[in-house]
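I'm opening my notebook on this one. Today I want to look up which charged side chains pair up, and then turn to the rings.

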Amino acid sequence: MDTHRTPGAPHGDGAQHSAEDPPAPLHCLVTGATGYIGGRLVPELLDAGHRVRCMARSPERLRDHPWAGRAEAVRGDVTDAAATEAALRGIDVAYYLVHSLATGPGFEERDRAAARTFAAAAAEAGVRRIVYLGGPVPAGEPARDLSPHLRSRAEVGEIFLRGPVPATVLRAAVVIGSGSASFEMLRYLTERLPVMVTPSWLGTRVQPIAVRDVLRYLVGSARMPADVNRSFDIGGPDVVTYEQMMHRYAAVAELPPRRIVRVPMLTPRLSSLWIGLVTPVPSALARPLAESLRHEVVCEDRDIARYVPDAPGHPIGIDRSLELALKRVREANVSTRWSNAALPGAPSDPLPTDPDWAGGSLYTDRRTRDTEAGPAELWRIIEGVGGENGWYSAPLAWAVRGWLDRLAGGAGIRRGRRDAARLRVGDSLDFWRVEEIEPGRLLRLRAEMRLPGLAWLELYVDPRTGPGRSDGAGARYRQRALFHPHGLLGHLYWWSVSPFHAVVFGGMARNITRAAERLAAEQPAAR
């Protein structure tokens with residue numbers, strides 16, 4: 001329910017300012033800064049002149065973002081009251097951009113508990129405003145009829161609105177932007193299926209919004225008057241069905257017209273499996289998105305414009321939103337992706353440095369290969385692994401492993417890369433995640449595939465020295481795969497796949513060095 005504590009002025013932060021005296025910068029906390037929206041919001045807040053502190057479970061994953069040196073990063077989890085209170089000290093505006101989407105049974109209770117913990121900690125710390133980005137609430141539908149995803153988002157918003165700290169709850173439906181889960185679903189379904197048998201929810205009306213407008217509303221919400229405590233629907237100017245969105249995307253992408261046949265018996269579960277089959281979005285994430293699309297989600301009001309006035313050309317229409325997102329994808333200029341956030345259940349343990357780590361076994365597979373290519377060429381190949389470039393060995397074996405992972409509810413191998421040539425800590429890379437990167441020397445990947453244990457893959461570049469190589473020419477490639485098994489099943493898994501390591505890992509070392517040598521031959525000046 002939308003509420004105002006008292007009528008407020010439409011603009012400002014509650015303080016009196018003259019035209020010559022701009023409002024003072026605010027100190028903002030951004031939770032979920034490693035995620036899709038959070039990673040884009042931080043630089044927008046910084047550019048608006050605010051100070052920013054990021055709270056993340058793994059703040060080291062923020063290290064390589066272009067804005068990392070301008071923002072503070074602290075470790076914390078919104079379910080940890082003490083860590084949350086510490087992160088909120090001295091904060092004016094707190095952005096709550098976390099949720100337990102696709103984490104399996106009980107995610108509603110986890111969201112509920114986390115929101116209550118955050119609201120209480122914000123009040124204790126003297127925070128002036130909480131800003132929450134949630135989902136839309138379909139008009140006239142009781143909460144029990146909503147999808148679990150929408151119901152949980154709505155409940156979190158209500159917890160903040162009933163709390164002691166004034167809150168701004170922004171309710172967005174489909175967010176269109178390069179790398180968003182909604183856009184990736186739309187893009188892959190439309191591009192890969194010229195003829196589609198689809199569920200009935202493709203006829204549901206939605207009001208998509210460009211990610212640029214979402215960020216504009218989030219930044220503007222920081223200075224809402226102190227007496228404003230309510231939710232706002234945010235959306236673009238167009239109301240369309242999902243089917244119409246697919247046709248609009250096909251037109252923008254210059255694809256032939258798509259033929260769509262609706263099949264009413266496709267349930268959300270079947271729809272999610274179908275989405276997981278065709279797109280990089282795992283079925284565990286696709287299901288809550290598909291369930292939400294059963295509901296008509298159209299903005300009931302445009303009150304947000306009273307507090308965050310629309311700039312010229314905003315809000316952006318759907319065709320322009322799709323053009324901008326597609327342009328970023330084609331230019332490999334995607335700053336954050338839906339997969340920036342770790343998959344539920346994915347391992348997050350750091351690489352063990354002791355072979356007896358945790359009192360258990362640590363299996364390793366080591367490969368070393370000298371190459372005539374220089375360190376720079378070898379590093380370019382290493383940093384470019386995965387995605388469209390593949391893994392330089394046994395492509396069928398990698399593909400089969402990816403399909404098995406998808407069937408088990410994992411990410412599979414089709415998440416690809418954020419950038420075709422550059423990696424940074426925290427990037428998803430097919431069914432791996434970049435845990436560490438030392439440019440020119442080390443790339444460490446942590447497996448996010450479904451495994452009975454924890455796994456890492458390290459790729460090194462070493463200078464090639466020794467007898468006859470005093471000039472330092474050439475390089476040495478080192479590769480190390482590590483596996484920490486969980487229980488007997490973990491040990492059986494390692495021994496069952498180890499016979500294939502010579503083909504997979506041995507071929508990988510051989511083909512990476514050969515690719516580096518071909519690259520060196522193509523550009524001798526670089527050596």
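I started with salt bridges and got a count of 31, taking a side-chain nitrogen of Lys or Arg within 4 Å of a carboxyl oxygen of Asp or Glu. My model is predicted, so local features need pLDDT of at least 70, side-chain atom pairs count only at pLDDT 80 or more, and totals for chains, interfaces and linings use all residues. Residues are numbered from 1 along each chain as its sequence is written, and side-chain values use heavy atoms, with hydrogens and water left out.

Next I picked out D301 and R230, which meet in a salt bridge at 3.8 Å, N to O. Are they buried or exposed? Both are buried (under 20% relative accessible area; exposed is over 50%, partly exposed in between, with a 1.4 Å probe and protein chains only).

R230 turned up again: its charged end sits over the ring of F232, 4.2 Å from the centre. For that I need NZ of Lys or CZ of Arg within 6 Å of the ring centre and within 35 degrees of the ring normal. R478 lies over the face of Y460 too, at 4.1 Å from the ring centre.

Then I checked R248 and D319, whose closest N and O atoms are 2.8 Å apart. R248 is partly exposed at 28%, and D319 is partly exposed at 32%.

I also noted a network of salt bridges linking D213, R216, R302 and D310.
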